[in-house]
Amino acid sequence: MSPSSVLVTIEEPKNFSIVRVSAADSPLLPERQKALSPKQLSWFFLLKAYKALTYISRLVMVSKTTFTSVKKRVTLSNMREDGPRSGGRLYRFIKAFLVISIVALVVEIIAHFEQWNLHLLQPLEVQGLLQWSYMVWLSFRLDYIAPLVTKLSKFCIVLFLIQSLDRLVLCLGCFWIKYKKLKPTVSDEAYDIEDPSSFPMVLVQIPMCNEKEVYAQSISAACQLDWPRDRFLVQVLDDSDDGTLHLLIQDEVSSWRQKGINIIYRHRLIRTGYKAGNLKAAMAFDYVKDCEFVAVFDADFQPNPDFLNQTIPHFQGNPELGLVQARWSFVNKDENLLTRLQNINLCFHFEVEQQVNGVFLNFFGFNGTAGVWRIKALEDSGGWLERTTVEDMDIAVRAHLNGWKFIFLNDVGVLCELPESYEIYKKQQHRWHSGPMQLFRLCLPAILNSKISIWKKTNLIFLFFLLRKLILPFYSFTLFCIILPLTMFIPEAELPLWVICYVPIFMSLLNILPTPKSFPFLVPYLLFENTMSVTKFNAMVSGLFQLGSAYEWVVTKKTGRSSESDLQAFAERESKRPYAEKILRRHSESGLELKTKLQEQATFELALHYSSPSSHLQKHIIEHGVHFYFLLFQGLSFLVVGMDLIGEQIS
């Protein structure tokens, strides 16, 4: 009889009985009682030993690689002279908080093993100074600290829900735009192709400062714009302090001038006002009066040749339109984990925030590049000002207060480069989050006294500035970096599960919707955003209270991935403009296909990596609670980011 888990004995045609066999050693199954032979047992133990050795060797290799990388980056960090040698007040507070937490953790471990409890011990039973101090701490915590932390946590939860509701409304607006297929349109034949004089005069500005890696490709892309050559002028605005670089840029400009391009090179000896001062000085020349529009591109941006054809016609027949903004597309979005996480954030910013605000409000913050301004709108709004480090947002707010409308083109992308180093990214984020608070202090009276509607004033003050620029970094840092760790020592103020798990994951899913291929990076994205809240909160405070670091302007260093950019730019241009003139660039179709296949393979492997242990993690989270695991992985995230292991090390 073959082995089976069920034995059926038929007594009558209509009556039968079922005997369940549950044990493997049942006498009904004698075949199962066979023991393993010594040879089989030896092979079993050898296989287990092989798996253990393989796991240990991999662990040793990973540990060795990590240690070598950390040692290298710490050494390079100590050799760097331009970075700050010591942290600010916030980082000193974090260090003190860390020391106190470690001491408190040691005391809590001792109290756990000694079974000290405020409700079980009587005053006469307390023995020793340490036990007495712990009892005093428990009483003080219960009466004073726990109520304060609870009130603060409830306040932050309310802010968290308000900000989450705002993000949900933005996503619903984006879905409505997709469903209704809402997009800016232009009238057919806005300009007579056979008559170049019917095209408006356009000024193309390329501000740069020590952009040795990308100046050539930026100038090349601007000079190849598909627009009548006598109807656009390229300004190369150089603020570099390297004499050799001056000569290189001048040679590049001269070579394009010899090809018949109207291009001007301008260099400032004194870099006052940073980028705003550079653009302001460039608008003061007499030949600018002949131009009707100005297109601004940072040094790493490479517009498609049809950029002006896709943006300028929107101004035709729309005299109230002041700005047409294109979205950014990134040439190195899959370079490392840092660039992948940045891509998630910026794609949500453009496709959801910018597009929804552009369609329903005709207003959004200018991104400083990849946009076209009507020069009259710039002049009516006071031009470029040097009062903040976010001159792009400044001019956008002032233009909005003067009644100018904005259009965002989600289907027009301009190639650019993401920071690949965490240190460079951190400096960029500090400027992006301190500048809005400077601007809010300066322009609040102008907003209150402006003639725009109450709804637009409310949107500017409460949504654009307070909710998205001040409240977001405040509650992120306070709730997830201060209150949540405190709950480990103050259990009376424990946060509910939906605050630290369900709602953040749902909001992260909404952020990833514009980039569905980034779904495997959901958890790293959530942890990384909580980690970056320290930098963003510090920047927000420095900008709000006008601290010294609020006025720091560090140029975002580029790597100049010209080969990759040429491949992707060629592919995009050929797909969008089959009728256009071929651009002579060296490219490799096989290289582009290989890169695409490698990216798809990496995404598939990451999906397997995250999906395989999901059931195991789910079981442990249900059994032990999510608070511990959240703090564990969040702590590892801080450790990885603090050691600068998330991006490339660029000297």
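Visitor: What is the relative accessible area of Glu-492, and how should I read it?

Guide: Relative accessible area sorts residues into buried (under 20%), exposed (over 50%) and partly exposed in between, using a 1.4 Å probe and protein chains only. Glu-492 has 36%, so Glu-492 is partly exposed. This is a predicted model, in which local features need pLDDT of at least 70, side-chain atom pairs count only at pLDDT 80 or more, and totals for chains, interfaces and linings use all residues. Residues are numbered from 1 along each chain as its sequence is written, and side-chain values use heavy atoms, leaving out hydrogens and water.

Visitor: Which side chain does Glu-492 meet in a salt bridge?

Guide: Side chains of opposite charge can pair when their charged atoms come close. A salt bridge is a side-chain nitrogen of Lys or Arg within 4 Å of a carboxyl oxygen of Asp or Glu. Here Glu-492 meets Arg-141, with 3.1 Å from N to O. The pair links distant parts of the chain, 351 residues apart, since Arg-141 is in helix 3 and Glu-492 is in the loop between helix 12 and helix 13; helices are DSSP runs of H or I with at least four residues, numbered from the N terminus. Arg-141 counts as buried because its relative accessibility is 9%.

Visitor: Where do Lys-427 and Glu-423 lie, and how many residues apart are they?

Guide: An α-helix has 3.6 residues a turn, so residues three or four places apart point the same way. Lys-427 and Glu-423 both lie in helix 11, 4 residues apart, which is about one turn of the helix, and their side chains meet in a salt bridge of 3.7 Å, N to O.

Methods: Helices (H or I, at least four residues) and strands (E, at least two) are DSSP runs, numbered from the N terminus.
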